[in-house]
Amino acid sequence: MYGDLPLLLRKTQFFEKFTDEEKKVLLGMPHFFSRFRTGEFLIRENEKDDNALFVMLQGSASVSKNSNPKQFLDTMVAGNVFGEISFLIQIPRTSNVVALEDSFCFVLKGNKLDKLPLPLQIKFRDCLIAILVKRLIHLDHLQTNPAVFEDDIKD
């Protein structure tokens, strides 16, 4: 496997609220972990049948749109969570995500969530809700007073 998988889960913020037993359940499901080579698409914009949630464990990937593929909108690095919107509400992908280097991700397809034990399902949903709320707060701050928020981030 890619690196020390138990250590990767332990040091990834998304999984910090998961118990050791819950992490063992996930580690026992190797199909939840995927390797991506440099230049490989993790997500393709407008893809309708892909509703996987990604947690970057190692490596990095760029985010872009088909309308301007050379302009990077963001970079996903270890610890970042992405793909949550399509995962939660099954809409087509809104951007491309391409590996900038060999990368390793936890990948949970939407139809596999219900196969997990109920406490794990709840924990995944709770973690995603927390991420989405933080993103909404961030966007709200950017819209109401971007200069103040940027100063707050620097501290």
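Colleague: Which residue of β8 stands opposite Gln-58?
Modeller: Phe-104 does; Gln-58 faces this residue of β8. Bear in mind that this is a predicted model.

Colleague: What makes β3 and β8 a pair?
Modeller: Strand β3 (residues 53-58) and β8 share 5 bridges, in the antiparallel sense. Pairing takes at least two bridges, so β3 and β8 count as paired.

Colleague: What about β2 and β7: how many bridges join them?
Modeller: The count is 2, and the strands run antiparallel. The rule asks for at least two, so β2 and β7 pair as well.

Colleague: Which sheet holds β2 and β7, and what is the strand order?
Modeller: An open sheet of 4 strands, ordered β2-β7-β4-β5, with antiparallel pairing. β2 and β5 (74-77) are the edge strands because each has a single partner, leaving one side of each without a neighbour in the sheet. From one strand to the next, the twist averages 30°.

Colleague: And which sheet holds β3 and β8?
Modeller: An open sheet in the order β1-β8-β3-β6, 4 strands with antiparallel pairing. Why are β1 and β6 (81-82) called edges? Each has a single partner strand, so one side of each lacks a neighbour in the sheet.

Colleague: Now the charges. Why is the contact of Lys-24 with Glu-21 called a salt bridge?
Modeller: N to O, the side chains of Lys-24 and Glu-21 come to 3.6 Å. The limit is 4 Å, so the contact qualifies. Both residues sit in helix α2 (residues 20-27), 3 residues apart, about one turn of the helix.

Colleague: What makes Lys-24 and Glu-21 exposed?
Modeller: Exposed means over 50% relative accessible area. Lys-24 has 53%, so Lys-24 is exposed. Glu-21 has 52%, so Glu-21 is exposed too.

Colleague: How do you know that Lys-123 and Glu-22 form a salt bridge?
Modeller: Their closest N and O atoms are 2.9 Å apart. This pair links distant parts of the chain: Lys-123 belongs to helix α5 (residues 118-144) and Glu-22 to helix α2, 101 residues apart.

Colleague: Are these two, Lys-123 and Glu-22, buried or exposed?
Modeller: Both Lys-123 and Glu-22 are buried. That label requires under 20% relative accessible area.

Colleague: Why does the salt bridge of Asp-102 with Arg-37 qualify?
Modeller: The closest N and O atoms of Asp-102 and Arg-37 are 3.4 Å apart, so they fall within 4 Å.

Colleague: What does the pair Asp-102 and Arg-37 tie together?
Modeller: Asp-102 lies in the loop between β7 (96-99) and β8 (103-108), and Arg-37 in the loop between β1 (33-36) and β2 (41-43), so parts 65 residues apart in sequence are tied together. Asp-102, at 31%, is partly exposed. Arg-37 is partly exposed as well, at 44%. By the salt bridge rule, the count comes to 7.

Colleague: One last feature. How many residues line the largest pocket?
Modeller: There are 34, with Val-81, Phe-82, Glu-84, Ile-131 and Arg-135 nearest the pocket's centre. The volume of the largest pocket is about 1000 Å³.

Colleague: Which element gives the most to the lining of the largest pocket?
Modeller: α5, with 11 residues. β5, β6, α3 (84-89) and α5 each supply at least two. By class, the lining has 16 nonpolar, 8 polar and 10 charged residues.

How values were computed:
Residues numbered from 1 in each chain as written. Predicted model: local features only at pLDDT ≥ 70, side-chain atom pairs only at ≥ 80, totals over all residues. Heavy atoms only, no water. Buried < 20%, exposed > 50% of the residue type's maximum accessible area, 1.4 Å probe, protein only. Axes fitted to C-alpha atoms, helices over the stretch in contact; angles between N-to-C directions. 1 Å grid on protein atoms, 1.4 Å probe; cavity = no way out; pocket = protein on both sides within 12 Å on 5 of 7 lines; lining within 4 Å. Points joined across faces, edges and corners; volume = space filled by probe spheres on them. Nonpolar A, V, L, I, M, F, W, Y, C, P; charged D, E, K, R; others polar.
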